Amino acid sequence: MKLVFAGTPEVAVPALDALIASGRHEVAAVVTRPDAPAGRGRRLVASPVAERAEEAGIEVLKPAKPRDEAFQARLREIAPDCCPVVAYGALLPKSALDIPAHGWVNLHFSLLPAWRGAAPVQHAIMAGDEITGASTFLIEEGLDSGPVYGTVTEEIRSTDTSGDLLTRLAFAGSGLLAATMDGIEDGALTAVPQPADGVSLAPKITVEDAHIDWSAPALRVDRVVRGCTPAPGAWTVFRGERLKLIQATPVPDRTDLAPGEIAAGKKTLYVGTGSYAVELLWVQAQGKKPMAAADWARGVRIASGERLGA
């Protein structure tokens, strides 16, 4: 089939690579978000998908909005059979959805209908799910509600951050998306409507969502830290300034600390929660680089009885 691929961040690049490498389909063009300011100089930078497409000599389309008439006119000229999508980042109007013969097929990083929305991986970790996966589905005007072509499953490990899990799903999902394109071309795949039961929503994680509540159980604290790493980053407050929490682990046999209470050793840093303690392993103070939590604690000279979150 002739394809126009839509995607923006690094997590979409494995799927684009898989379609280019398949040898079966032609990636005629790529649709991505416009260049965005990045770095200290805030200079405009192309998206990872745009950079990869340009390396491969593929036409890149960067509409400000997918409803732009010039973009849709170019899409009709290309006349794609199907438009595979991975984390494009913009809502597609019906006028664009109707252009490819086989529609727009999205690779979504959850087992639909669970975790519809912008942050399925983060929410799966924060909710304590043990299994997640990726789904390919036909995009409709509703939020991730279209019929599903196929799925792959992935275990959520006890130490997974959202970054770890998303990387694995990006590569597992790339094979699923390529196989879905093959099945659509062969006529061997039929999209199955999602069940009405089991729907859950995964809106974008806000900075406030990443604020640690030390009165919550240790497992909840651990899941928020892992789910919000690398972005937006779990955080707490110490002496009036934010402290980013990069890595922590529950310590069930340490139950002597009140919520937020700090116990610093030469090589350890424990914090109390609503159940048992967690050990902080890596943190980042405001304006500083990430460092081992015990090193940070020695540097700030924590006094007896001091707490995080106060």
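**View 1. Glutamate 154 is a buried residue, at 16% relative accessibility.** Buried means under 20% relative accessible area, exposed over 50%, and partly exposed in between (1.4 Å probe, protein chains only). Arginine 168 is also buried, at 18%. The side chains of glutamate 154 and arginine 168 meet in a salt bridge, 2.7 Å from N to O. A salt bridge is a side-chain nitrogen of Lys or Arg within 4 Å of a carboxyl oxygen of Asp or Glu. Glutamate 154 sits in strand S9 and arginine 168 in helix H6, so the pair ties together parts 14 residues apart in sequence. Salt bridges with shared partners also join Arg24, Asp182, Glu185 and Asp186 into one network. Helices (H or I, at least four residues) and strands (E, at least two) are DSSP runs, numbered from the N terminus.

The model is predicted: local features need pLDDT of at least 70, side-chain atom pairs count only at pLDDT 80 or more, and totals for chains, interfaces and linings use all residues. Residues are numbered from 1 along each chain as its sequence is written, and side-chain values use heavy atoms, leaving out hydrogens and water.

**View 2. Seven strands form an open, mixed sheet.** Their order is S5-S2-S1-S6-S7-S8-S9. Strands S5 (59-61) and S9 (148-155) are the edges, each pairing on one side only. Two strands pair if DSSP finds at least two bridges between them. S2 (residues 26-31) and S5 run parallel, joined by three bridges. Alanine 29 has glutamate 59 in S5 as its bridge partner.

**View 3. Glutamate 59 forms a salt bridge with arginine 74.** Their closest N and O atoms are 2.8 Å apart. The pair links strand S5 to helix H3, 15 residues apart. Glutamate 59 is partly exposed, at 29% relative accessible area. Arginine 74 is partly exposed too, at 28%.

**View 4. Aspartate 35 and lysine 62 meet in a salt bridge.** The N to O distance is 2.7 Å. Aspartate 35 lies in the loop between S2 and strand S3 (36-38), and lysine 62 in the loop between S5 and helix H3 (69-78), so the pair ties together parts 27 residues apart in sequence. Aspartate 35 is partly exposed, at 32%. Lysine 62 is partly exposed, at 29%.

**View 5. Helix H7 (residues 218-227) is mostly covered.** Seven of its 10 residues are buried. Among them are Ala218, Val221 and Asp222. Their cover includes helix H5 (120-126), H6 and strand S10 (234-238). Contact means heavy atoms within 4.5 Å.
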